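Subject: Structure handover

Hello,

Here is the structure you asked for. Please open it beside this email and follow along.

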Amino acid sequence: MRKQMSTWLVLVTILALVAMPLFSQGAADKKASEGTTVIELWYGAAMTEAGPPPEDWVGFQIIKDKLNIDLKITALPSSEGDQDVKIQAAAAANNLPDLFMVRREVLARLVPQGLVAPVDDLYAKMPVRTANHYDEVSRRNAMFNGKSYGLSDPGAIIKNEGLLIRKDWLDNLGLAVPTTSEELFTVMRAFTFNDPDRNGKHDTWGYGSFEEIGSYEGWPGRRLQPIFGAFGAEGTWDMTEANAGLSVFKDGFYDAMVYLKRMVDEGVIDPNWMSYKKDDFRAAWKQGRFGIMREQNAAYAAQSNYAPFDQNFPDGQWIIIDPPKGPKGHASVGPYTANFRVYAISAKAAQAGKKDKIAELLEWMASDEGYYLLGWGVEGVNYTLDANGIPVAAGVPDPDYSFTGPKGQVVTQLRNMVFYNGDVELYARYPTYTTAVSKKQMSALDVLREMQTKKWTPAVGSNTLPTPNADLKRFYEQSLSEFITGKRTLNRANWNVWLEEFRKLGGQAWNDAGVASMKENNLLN
Amino acid sequence: MVTKSRKSELSREIRRHASVYVLLIIPLVYYITFKYVPIFNGQIAFKDYMALDGVLGSRWIGLEHFRTFIQSYYFAELLRNTLMYSFGKLIFSLPLAILLAITIYESKRRRLSRTVQTLAYLPHFLSWVIMYGILLALLAPGDGVVNDIIKAFGGKPRAFLTSVETFPWIVIFSDAWKEMGWSAIIFIAALMGIDPALFEAAMVEGATSWQRVRYITLPSIRPVIVIVVLLRLGTILDAGFNQIFMLYSTPVLSVADIIDTWVYRQGLLEFQFGLATAVGLFKGAIGMLLILFTNRIVKRLGGSSLY
């Protein structure tokens with residue numbers, strides 16, 4: 001008995017040792033029995049705080065019955081950094097899923113490795129989807145060496161942010177809406193020192209921000225772009241024919257830095273701005289800490305997002321204003337580019353002959369059946385159609401299962417794969433509502449439309465331009481913030497010395513590579 | 001004949017302690033799978049790793065990745081910051097943990113000491129995301145508790161989290177606060193092993209509390225302290241990625257960027273796994289050398305050692 005036990009132990013150990021590395025390589029390409037194709041999909045969840053669709057979600061069965069596809073889905077992490085790490089780790093092990101969402105910068109690293117398949121041949125196989133999702137700009141977005149390596153679906157709506165100001169604070173202080181950068185400074189000062197909320201405490205600041213840096217909205221990030229826009233230095237890149245290159249080399253950038261330094265030195269910007277993460281920033285404006293900010297339409301005006309502010313300040317009112325004009329008449333909310341969610345197909349999936357099945361799946365998703373099922377769920381269970389044919393949450397038997405309810409929203413997790421910012425989606429996503437406390441009529445869609453009328457700077461394709469290496473990026477961002485915090489003295493002489501150092505360290509090469517790419521891809525305005 | 005008898009003796013021993021061997025299986029599988037098998041993949045530190053070519057098929061480039069790391073613009077600063085935080089945490093956190101362990105052990109009020117012990121453990125279970133929220137609430141220049149106090153006394157608020165002067169101290173002390181209770185466990189366990197007769201004899205001889213700590217407690221737990229220090233030296237180039245990644249921001253990068261945050265940006269985000277592995281090997285080699293060196297010194301000085 002004991003001998004048998006020892007033998008078993010040895011066998012189990014060997015099996016475990018052999019099996020674990022095998023399992024760690026992930027499941028091999030699977031073609032299930034009876035011709036069913038297994039497609040593994042890593043998707044970007046529509047609501048990262050909610051769970052995935054349940055295992056018995058009707059969509060899985062429909063996809064199996066109609067397309068003979070066994071769809072295995074995995075939600076990517078919510079933060080872009082974590083998404084990148086997950087995808088790159090899988091790529092390093094040559095274990096990418098069949099179809100996966102990926103940022104363009106990461107895709108650019110996977111293409112030279114031969115890990116993703118070209119998708120040019122798929123557009124013709126998906127006529128409905130291609131008509132709604134993939135225009136010429138979209139096809140060019142994920143193009144490398146003349147081939148398209150990703151299906152670039154419409155992403156976040158463009159120009160969906162705006163410069164907002166507390167109208168009630170302006171009224172309390174008898175101030176007009178600022179139109180120039182100097183008027184803006186006067187208002188910021190008043191919001192900071194003249195007790196605009198009339199609570200008798202020095203607990204408010206003029207401007208609120210945090211560092212939200214992206215590839216085309218370099219330091220200090222998008223929240224301060226209206227300030228830099230006043231000096232014609234918005235965005236990482238200037239994409240005009242006459243001045244193409246990195247904005248940091250422009251005179252206006254230095255002027256914007258001086259203005260920002262003034263904001264910091266005079267204490268008119270929320271002093272926590274460099275410590276805030278996104279959630280802290282959003283909690284802060286809802287607590288009435290500052291009176292001017294750049295915010296996204298839904299983050300500001302969607303029902304659940306506006307509710308805490310409405311609760312705290314029933315008489316509070318934000319309005320969207322034009323970006324302030326600078327000394328030379330420049331003004332801009334910031335740069336904008338076409339936003340995409342890129343889905344790529346692994347080379348492994350292509351070799352396994354799955355590309356056509358993936359096209360079939362995506363085309364079905366773009367059909368009316370797929371669009372409504374993935375977008376809102378099942379009619380009569382998760383949504384009903386109003387008189388205009390817009391899906392609404394009202395009228396379903398159990399509100400918990402409506403597409404906005406806690407049990408219903410999980411079935412719409414894949415909606416970003418079918419949405420293309422069409423009218424039906426926008427009306428459904430941003431319904432007009434009455435706020436709970438102040439009884440105001442609000443609509444994030446109206447807010448969006450108004451934000452889109454303001455002055456923005458076209459920078460289409462700026463997110464596809466070369467990015468600096470990690471050391472240069474750090475040098476760039478760290479030095480600029482040090483000029484603002486005072487670790488480096490901001491004056492013209494120091495600035496020029498720093499620019500020279502930046503050039504030598506690789507800034508000039510980065511600039512030149514960017515300009516060459518703009519010219520090569522006809523991106524100059 | 002002798003070999004056969006030894007073999008049967010070994011198998012008899014294994015059978016006798018079968019349950020212990022069963023327990024050994026799981027950690028054994030873990031270590032082989034996650035610690036020894038990856039050593040084979042460590043060769044990508046010397047290769048231009050291409051996922052499709054695999055570990056063996058990728059092109060050999062020798063010490064190129066090591067050169068890239070050592071010649072990187074911020075290498076000296078990264079090394080300085082990493083060592084600063086590692087030694088800083090060792091110097092501040094370890095004595096605090098020992099002090100806490102002795103205090104808990106010496107306390108006559110059992111309920112109080114248990115409560116303190118539990119409260120001291122708690123921060124260990126909080127993630128650095130939550131710790132960051134707490135630190136922001138305490139230290140924010142706008143409305144942080146500490147700055148409120150400074151303002152109440154007529155002082156000028158400070159941006160503790162974005163100032164290069166204060167940031168290193170926040171890293172070291174917040175780590176001490178978070179890990180002190182957890183680190184104290186091993187010392188409390190060591191204290192439990194001291195023969196109570198030693199304390200009784202010392203009390204009969206009229207030794208004060210401080211004398212008991214100095215001449216009995218500390219010498220008794222010295223072997224454990226030495227082992228803990230030696231093990232910490234083995235990971236001296238791990239300065240706490242999670243903590244610093246959560247706390248740092250652009251104004252403090254000059255004192256916050258450590259080897260691991262650089263590897264994250266340059267290696268993982270830029271898809272340079274060979275480079276990331278090379279830095280991992282570099283860290284491991286330094287750690288091993290430090291352990292060997294320190295262990296030999298400690299041994300020569302006649303103290304306890306790791307092996």
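Below are the findings, chain by chain.

**Ground rules**

This is a predicted model, so local features need pLDDT of at least 70, side-chain atom pairs count only at pLDDT 80 or more, and totals for chains, interfaces and linings use all residues. Residues are numbered from 1 along each chain as its sequence is written, while chains are lettered from A and ligands numbered from 1 in the order in which they are written.

**Chain A overall**

Chain A has 20 helices and 19 strands. Helices (H or I, at least four residues) and strands (E, at least two) are DSSP runs, numbered from the N terminus. The C-alpha atoms of chain A fill a box of roughly 85 × 60 × 60 Å along the principal axes.

How much of chain A is buried? The share is 46% of its 525 residues. A residue is buried if 20 or more other C-beta atoms lie within 10 Å of its own, exposed if 12 or fewer, and partly exposed in between; C-beta atoms are placed from the backbone.

Now the contacts. Two residues are in contact if their C-beta atoms, placed from the backbone, lie within 7 Å. Take the contacts in chain A with a separation of 6 or more: 73% of them join residues 24 or more positions apart.

**Domains of chain A**

Chain A splits into domain 1 (27-156 + 340-429) and domain 2 (161-336 + 457-520). These bounds come from an automatic or database domain assignment. The contact between the two takes 4 residues from domain 1 of chain A and 5 residues from domain 2 of chain A. On the domain 1 side, helix 4 (104-110) and helix 6 (136-141) of chain A each give two or more residues. The C-alpha centres of the two domains lie 34 Å apart.

**Strand 7 of chain A**

Look at residues 161-166 of chain A.

Which strands pair with strand 7 in the antiparallel sense? One is strand 11 (residues 290-296) of chain A, joined by 5 bridges. Another is strand 12 (residues 318-321) of chain A, with 4 bridges. Two strands pair if DSSP finds at least two bridges between them. Ile165(A) stands opposite Ile292(A) in strand 11. Leu163(A) stands opposite Ile321(A) in strand 12.

**Val447(A)**

Val447(A) sits in helix 18 (residues 444-453) of chain A. It counts as buried because it has 24 C-beta neighbours inside 10 Å. Leaving out residues up to four places away in sequence, Val447(A) touches Asn297(A), Tyr300(A), Ala301(A) and Ile320(A).

**Helix 19 of chain A**

Helix 19 (residues 470-485) of chain A has 16 residues, and its end C-alpha atoms are 22 Å apart, which agrees with the 22 Å it should span at 1.5 Å a residue. The expected span is 1.5 Å times one less than the number of residues. Is helix 19 enclosed or open? Helix 19 is largely enclosed by the rest of the structure, because 12 of its 16 residues are buried. Among them are Phe475(A), Tyr476(A) and Phe483(A). The buried residues pack against helix 10 (251-265) and helix 20 (492-520) of chain A, together with helix 13 and helix 14 of chain B. Just after helix 19, Gly486(A) takes a positive phi of about 100 degrees.

**Chain B and where the chains meet**

The contact between the chains takes 40 residues from chain B and 39 residues from chain A. Helix 2 of chain B gives the largest share of the chain B side, 8 residues.

Chain B has domain 1 (1-62) and domain 2 (73-300). Their centres, taken over C-alpha atoms, are 33 Å apart. In the contact between them, 6 residues of domain 1 of chain B meet 5 residues of domain 2 of chain B.

Finish with helix 9 (residues 167-192) of chain B. Its 26 residues reach 37 Å from first C-alpha to last, close to the 38 Å expected. A kink of about 50 degrees is centred on Glu179(B). The bend at a residue is the angle between axes fitted to the seven residues ending there and the seven starting there.

Best wishes
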